[in-house]
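User: I am new to this structure. Please take me through it one question at a time.

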Amino acid sequence: MTKDGSVERRGREGEATGLAVEAVRLTAAVITVSDSCAQGLRHDTSGEALQQELRARGFDVVRRVKVADEMREIEDVLRHAAREARLVVTTGGTGIAARDVTPEATLAVCDRVLEGVAELMRSEGRRETPMAVLSRGVCGTRGTSVILNVPGSPAGALSSLRAALPVLPHALDLLGGKTEHETPSGSGTNAGNQQGPGPRAESGRQ
Amino acid sequence: MTKDGSVERRGREGEATGLAVEAVRLTAAVITVSDSCAQGLRHDTSGEALQQELRARGFDVVRRVKVADEMREIEDVLRHAAREARLVVTTGGTGIAARDVTPEATLAVCDRVLEGVAELMRSEGRRETPMAVLSRGVCGTRGTSVILNVPGSPAGALSSLRAALPVLPHALDLLGGKTEHETPSGSGTNAGNQQGPGPRAESGRQ
Amino acid sequence: MTKDGSVERRGREGEATGLAVEAVRLTAAVITVSDSCAQGLRHDTSGEALQQELRARGFDVVRRVKVADEMREIEDVLRHAAREARLVVTTGGTGIAARDVTPEATLAVCDRVLEGVAELMRSEGRRETPMAVLSRGVCGTRGTSVILNVPGSPAGALSSLRAALPVLPHALDLLGGKTEHETPSGSGTNAGNQQGPGPRAESGRQ
């Protein structure tokens, strides 16, 4: 991250050619899961709030979609979004009402689940309201993208996104293949330190 | 909740007719899962403590059952209890001993799992003993009822129930269909706030 | 535990014969999951650190294995290790890189999952780095053994092991059949307390 907390990535072309390095922003998609929003009966305040927050953090929001609380439709939207964006944030459908199925649709399309990120959103959310523990939102990976479920209310959506944001760029780095395992050293005093010391040492915890 | 922390619900008939509103108490069942209690070899202290606590919080305890640590028997008991009571609390069988199968039986009969509630019970329990993390108790929904697994010891049972109680009435409201989605507004400044401001704004986190 | 924090168990023979009681140390195995370590391209610093820590805590480290990030190979190693040691600690392969499969292999061989222990490792790890939430490491039981996944970096491995260690001896006791259910009392004032008062009362939380 840069000093202002925004996310910057250096372009591969820039690195390959040695020309002026271009900053590449991470892509994001915002999916609003809500029957009433999809029908145009409700303004998509949460989706707008998420888009604003992601942009402020340096993400390029390349897609906004509204979809009804229908499992198959949500799965389709997630599959498309994960091809277009590295970070896919859904809002809505994480509760326990009969039509809340966003977590189920997310699990159906994810390769891996990051339970710690959902735990983090809930434990941070509890600082604002005990009801945060009722959110069933999950976080998982699909290919090199991360899908994150946040609640439907603007306040819950923003607070959950903000709880997860500090770890997402690093997760996207790892998914993109930037692992410390790429440069193992066969000998030397630091060889056994799988991540080595320094500013990236934190990445060694996974 | 009322000022003394007890739970009151207004009856549908009262609302429909406009007659004097009648307070309807939420129903609860307490299931003691223990071979020795089921055989009468042990006094069911935990079940009694839970019943007392639930009554003090305004629940109407409509059923008490003792059942052996047998998966199928527990499942049957849970299915019956969830028809009679909105909140079903089990005590016992959440550990890692060979015959502890309460979480498995609970998951077998639940529609959805509320992982955040189990996390909450464990993280609150850790304040009293680090061993609380070994509890495998879960919380889930079956129809419009919530099933909650608490440990077998009286202290662990009470502490876990007390950790979960603050969110259970709201969960039961949502399961009963009292969602904010019932009254969407198509326009207006508040239309985008899926839960709206006010005393129920906390419900918007799911 | 003894005063210095080490783990001691009394031998069955000692108890059975009434002869001088012999202290039996719990057995442990350390499995390093890493392509480069398995190929000898990297020194197994994390495995060594874990072995040292386990010995300092009174465990008898009876096995050290290095294995590549291959699901089937890891499963085989875990099955063997769980026959030789009561506590099996793996290091590495818990992240989200393409070849990280240690949690999947662990879940494939475990009878039960102790989600609270993984939660504990992540929540303690967050005190050191927010990236700890990205670890997918799990903890589970296989027969009377416990399998624990910790991260691949020496710092993450040690911090996770230290987070889990306070509850592991008690978990191993329970798995070994030392449950309070063995001595139920049918009457008396304490009969209903499934664990009874005293120094082991904490065990009653499961």
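**Helices, burial and confidence**

User: Which residues of H6(C) are buried?

Analyst: Helices (H or I, at least four residues) and strands (E, at least two) are DSSP runs, numbered from the N terminus. A residue is buried if 20 or more other C-beta atoms lie within 10 Å of its own, exposed if 12 or fewer, and partly exposed in between, with C-beta atoms placed from the backbone. By that count, the buried residues of H6(C) are Glu115(C), Gly116(C), Val117(C), Ala118(C), Glu119(C), Leu120(C), Met121(C), Arg122(C), Ser123(C) and Gly125(C).

User: What kind of model is this, and how are residues and chains labelled?

Analyst: Local features need a pLDDT of at least 70 and side-chain atom pairs count only at pLDDT 80 or more, while totals for chains, interfaces and linings use all residues, since this is a predicted model. Residues are numbered from 1 along each chain as its sequence is written, and chains are lettered from A and ligands numbered from 1 in the order in which they are written.

User: What do the buried residues of H6(C) pack against?

Analyst: H6(C) is mostly covered, with 10 of its 11 residues buried. Contact here means that the C-beta atoms of two residues, placed from the backbone, lie within 7 Å. The buried residues pack against helix H6 (115-125) of chain A, helix H6 (115-125) of chain B and, within chain C, strand S6 (112-113), strand S7 (139-142) and H7.

User: Are H6(C) and H7(C) parallel or oblique to each other?

Analyst: Axes are lines fitted to C-alpha atoms, for helices over the stretch in contact, and angles run from 0 to 180 degrees between N-to-C directions. Angles under 35 degrees count as roughly parallel, over 145 as roughly antiparallel, 65 to 115 as roughly perpendicular and the rest as oblique. The axes of H6(C) (residues 115-125) and H7(C) (residues 154-164) come within 9 Å and cross at roughly 125°. H6(C) and H7(C) are therefore oblique.

User: How many nonpolar, polar and charged residues make the contact of H6(C) with H7(C)?

Analyst: Ala, Val, Leu, Ile, Met, Phe, Trp, Tyr, Cys and Pro count as nonpolar, Asp, Glu, Lys and Arg as charged, and the others, Gly among them, as polar. H6(C) contributes Val117(C), Leu120(C), Met121(C), Glu124(C) and Gly125(C), and H7(C) contributes Gly156(C), Ser159(C), Ser160(C), Ala163(C) and Ala164(C). By class, that is five nonpolar, four polar and one charged.

User: At what angle do H6(B) and H7(B) cross?

Analyst: Val117(B), Leu120(B), Met121(B), Glu124(B) and Gly125(B) in H6(B) meet Gly156(B), Ser159(B), Ser160(B), Ala163(B) and Ala164(B) in H7(B). This contact has five nonpolar, four polar and one charged residues. H6(B) passes H7(B) in a right-handed crossing, and the axes come within 9 Å and cross at roughly 125°.

User: How is H3(A) oriented to H7(A), roughly parallel or antiparallel?

Analyst: The crossing of H3(A) and H7(A) is right-handed. The axes come within 9 Å and cross at roughly 25°. That makes the two helices roughly parallel.

User: Is Ala56(A) buried or exposed?

Analyst: Ala56(A) is found in helix H3 (residues 45-56) of chain A. Because it has 11 other C-beta atoms within 10 Å, Ala56(A) is exposed.

User: Is Asp100(C) buried or exposed?

Analyst: Asp100(C) lies in the loop between strand S5 (87-91) and helix H5 (102-109) of chain C. Leaving aside neighbours within four places in sequence, Asp100(C) is in contact with Asp69(C), Gly93(C), Thr94(C) and Gly95(C). Because 22 other C-beta atoms lie within 10 Å, Asp100(C) is buried.

User: What share of the residues of chain A count as buried?

Analyst: The secondary structure of chain A comes to eight helices and eight strands. Of the 206 residues of chain A, the share that counts as buried is 52%.

User: What pLDDT do residues 1-6 of chain A have?

Analyst: pLDDT is the predictor's confidence in each residue, from 0 to 100. Chain A averages 82, and 75% of the residues score at least 70. Residues 1-6 have seven contacts beyond near neighbours in sequence, and their pLDDT is below 50.

User: What ipTM and pTM does the model score?

Analyst: Both scores belong to the model. The ipTM is 0.78 and the pTM is 0.81.

Notes. A crossing is left-handed if the near helix is turned anticlockwise from the far one by less than a right angle, and right-handed if clockwise.
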